[in-house]
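Dear colleague,

Here is the structure I promised to hand over, and my notes on it follow below.

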Amino acid sequence: NWKLEKTYQYCDDRIATDGVAWALLSGPGRIVWAVNHGCLPIGLERKVTKSSGNVIYEIDGMPVLTVLREYLVADEIENWQKAIVNLSLGFKAPGEMAAGYDDYLIRFMPSKDDAAGSVTIPTDVVEGSSVWMTRRDQEKIAAGLDRMGAEVHEGLAGEPAKVVFQFDCAGRGKVVFRDQVKTELLRKLQSSVAPGAPWLGFYSYGEIGPVAGENHFHNYTAVLMAIA
């Protein structure tokens, strides 16, 4: 229900909260991965003109919420959870990762401050940073899953995967696609990567995955990892 009040961890017959469940995988193995988001820019480049830590107060000298009204219908700015289902911020991806990933790193806006006109994102932002308004795009998500599947399949080089892990943005799983479409996309991905292999899926509220040899924090993203 998106209230984020409590989480539960499961291990055998135990249920915990404020805990962690873990598993140790040992022995020889090779890891192959791919990362993809499915967002498109919907406007021109803008500038963060006032920020502190992970709070953005102004874009182009205006309160962020004032800027967002250019991209949202009237009721969405009040119904924040509805607004951020698809609308997000795109920051310029570092040059070394853009070639194999995308032009933008995506950040969602989990909260806003009406009095200050500000929004909060999960990571710090520097004043003067370029930013684009972006939105999820179903066609780009579907094409990205095809690209991820091809990359992992190529990386496996004919060696069968012992297990596959998929970390997917919770919004992509819950509100972007209807169940029938989501299931069909997943079946297509599984058949292209590792038919019959154990496949463990997780819905997350922020994804971590390596691009160009370095780990990065992502939003509105899928991270796929196969162990061979």
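Throughout these notes, contact means heavy atoms within 4.5 Å. Leaving aside its neighbours within four places in sequence, Leu68 is in contact with Ile77, Trp80, Leu87, Met109, Val119 and Met133. This is a predicted model, in which local features need pLDDT of at least 70 and side-chain atom pairs count only at pLDDT 80 or more, while totals for chains, interfaces and linings use all residues. Residues are numbered from 1 along each chain as its sequence is written, and side-chain values use heavy atoms, with hydrogens and water left out.

Leu68 is also one of the residues that touch the most other members of the largest nonpolar core, which has 28 residues; such a core is a set of buried Ala, Val, Leu, Ile, Met, Phe, Trp, Tyr and Cys residues joined through side-chain atoms within 4.5 Å, where buried means under 20% relative accessible area, exposed over 50%, and partly exposed in between (1.4 Å probe, protein chains only). Among the elements that give two or more residues to this core are α1 (64-68), β8 (87-92) and β12 (130-136), and α1 gives the most, with four residues. Helices (H or I, at least four residues) and strands (E, at least two) are DSSP runs, numbered from the N terminus. Apart from this core lies another, of 21 residues, among them Val32, Ile141, Leu156 and Val164.

Asn36, in strand β3 (residues 31-37), is buried, with a relative accessible area of 7%, and the residues that Asn36 touches, not counting those up to four places away in sequence, include Tyr101, Ile141 and Arg172. Tyr10, in strand β1 (residues 9-11), is instead exposed, at 56%.

Best regards
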